[in-house]
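Here's a quick briefing to read with the model open in your viewer. Have a look around first, then come back for the notes.

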Amino acid sequence: MIGDYRPGTTWMHRLPAGTKLVALFAIGIATLVVRGPLASMAALAVAIVLLIWSTGPTSFLGTVLRSLRGLLIMVALLFAWQAWQSGWPRAVETVGDILALALLATVLTVTTRVDDLLEAITAGLRPLRRVGLDADRVALTFALTIRAIPATLELAEETRRAAQARGLERDPRARLTPFVIRVVARAHDTGAALHARGVGD
Amino acid sequence: MSERTIRLEQVTVRVPVADGDLLILDTTSVELTEQRIALIGPNGAGKSTLARLVNGLATATSGRVSVDGLDPRTEGRAVRRRVGFTFTDPAAQLVMPTVLEDIALSLRRTHKHRAERDEAARAVLRTYGLEDLAERSVHALSGGQRQLVAMAGVLAIEPDILVADEPTTLLDLRNARMIGDLLLGLRQRLILVTHDLELAARCERALLVDGGRVVADGPAAEVVEHYRATA
């Protein structure tokens with residue numbers, strides 16, 4: 001779901017893209033500074049409420065949780081490892097922080113057009129042009145990164161289906177190798193397409 | 001600029017492979033002045049490489065390429081403004097989430113203000129009958145719509161030349177005809193890489209490329225007939 005804007009009229013949708021970006025950045029810093037499982041759980045609760053508010057409860061339970069399935073499996077494994085290695089409080093804190101930031105990033109992309117993000121980043125970085133920073137290029141890189149998430153998931157699904165069609169769905173090599181090759185090829189093709197369109201010139 | 005000629009002089013393209021160099025295009029010299037030119041030939045013949053030289057996506061190992069007097073190697077930015085390029089698979093070309101945003105991306109260089117850019121993008125969509133798709137996710141488009149949006153994104157900057165690399169290969173018959181008719185009706189000069197010989201025959205000139213060389217060159221209908229007879 002990260003990378004997929006959903007039109008809406010909520011307060012989060014109306015908030016300027018720059019404000020939302022700065023807030024996400026600030027919360028990211030806060031999760032590093034404010035330690036402890038309680039703070040992490042509080043951040044996670046806020047993220048869940050904002051996401052439900054932005055997408056609606058039905059969409060949250062359906063699309064959002066389904067699209068975050070891979071992340072949830074990963075953090076479950078991380079949680080088990082952390083609990084075993086460092087104890088429950090540390091595991092709750094680590095996993096809570098990761099999930100809170102992932103959900104808040106989803107809130108940002110669900111409620112903000114990528115073009116608005118481009119504008120906000122370009123405007124925010126404009127003063128750094130004096131020291132040689134190409135604000136347009138940084139903004140484009142940011143936008144492409146967001147766009148790459150659903151595109152990569154689409155490639156993963158296509159690769160899974162291809163492996164399934166050959167009866168190799170349980171063979172990690174049959175899924176991972178073509179997936180990596182296709183991701184690199186897509187990145188190369190996207191670069192060529194951007195180059196051909198003169199984007200970034 | 002008065003010159004309207006794409007010129008390849010003794011152009012060779014080699015690419016490094018595991019066991020040396022692979023010859024893609026072999027000392028090719030052509031001068032392209034017609035409005036609609038087709039590049040035909042078997043897979044791996046060097047057609048796409050020849051087309052990519054025009055936009056600077058491929059560079060000559062030796063020889064010289066000139067596009068309306070510009071050298072793609074040293075004047076790449078000016079050449080890219082003059083030459084638009086569309087790919088076989090439009091999926092890689094559509095880089096923004098919605099159709100409107102993707103068209104607007106092409107216009108960022110020429111329209112600095114967001115509202116102005118969006119209006120210009122909507123005008124482009126209207127030109128190609130795509131206005132109903134403005135807010136649609138690029139993931140939710142059909143194959144024909146994707147190719148059309150990709151082309152609109154390139155044509156938005158109003159290039160003088162459009163290079164289309166197998167634009168109908170992934171499309172069904174109806175969409176292939178629609179895209180073909182659109183391409184042949186453009187005001188831009190067209191260089192069309194295609195396996196669709198009916199479409200190629202409607203161009204003014206065709207080049208048959210095989211084994212990295214132009215083996216036939218002339219009126220499109222004659223070259224297509226020659227290819228049919230010898231393939």
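What follows covers the two chains, their contact, and a few local details.

This is a predicted model, so local features need pLDDT of at least 70, side-chain atom pairs count only at pLDDT 80 or more, and totals for chains, interfaces and linings use all residues. Residues are numbered from 1 along each chain as its sequence is written, while chains are lettered from A and ligands numbered from 1 in the order in which they are written.

- Chain A is assigned domain 1 (11-112) and domain 2 (131-197); the bounds come from an automatic or database domain assignment.
- The C-alpha centres of those two domains of chain A are 24 Å apart.
- Chain A puts 24 residues into the contact and chain B puts in 24 residues, where two residues are in contact if their C-beta atoms, placed from the backbone, lie within 7 Å.
- On the chain A side, helix H7 (114-125), helix H8 (135-165) and helix H9 (172-197) each supply at least two residues; helices (H or I, at least four residues) and strands (E, at least two) are DSSP runs, numbered from the N terminus.
- H9(A) gives the largest share of that side, nine residues.
- Sorted by class, the side of chain A that touches chain B has 10 nonpolar, four polar and 10 charged residues. Here Ala, Val, Leu, Ile, Met, Phe, Trp, Tyr, Cys and Pro count as nonpolar, Asp, Glu, Lys and Arg as charged, and the others, Gly among them, as polar.

**Chain B overall**

- Chain B has eight helices and nine strands.
- Its C-alpha trace spans about 50 × 40 × 40 Å along the principal axes.
- A compact globule of 231 residues would have a radius of gyration near 17 Å, and the 18 Å of chain B agrees; that radius is taken over C-alpha atoms, and the globule rule is 2.2 Å times the number of residues to the power 0.38.
- Of the 231 residues in chain B, 48% are buried. A residue is buried if 20 or more other C-beta atoms lie within 10 Å of its own, exposed if 12 or fewer, and partly exposed in between, with C-beta atoms placed from the backbone.
- Among contacts in chain B with a separation of 6 or more, 63% link residues 24 or more positions apart.

**Strand pairing in chain B**

- Strand S1 (residues 6-17) of chain B runs antiparallel to strand S2 (residues 20-32) of chain B, with nine bridges; two strands pair if DSSP finds at least two bridges between them.
- A hairpin of two residues joins S1(B) to S2(B), and B:Ile6 sits opposite B:Leu32 in S2(B).
- S1(B) also pairs in the antiparallel sense with strand S4 (residues 62-67) of chain B, over five bridges, with B:Arg7 opposite B:Ser66.

**Helix H5 of chain B**

- H5(B) is mostly covered, with 10 of its 13 residues buried, including B:Leu148, B:Val149 and B:Met151.
- Those buried residues pack against H9 of chain A, as well as strand S5 (83-86), helix H3 (99-106), helix H4 (114-127), S6 and H6 of chain B.

**Two positive phi values**

- Most residues other than glycine have a negative phi.
- B:Glu158 has phi near 50 degrees, lies in the loop between H5 and S6 of chain B, and is exposed, with 12 other C-beta atoms within 10 Å.
- B:Glu166 has phi near 45 degrees, lies in the loop between S6 and H6 of chain B, and is buried, with 20 C-beta neighbours inside 10 Å.
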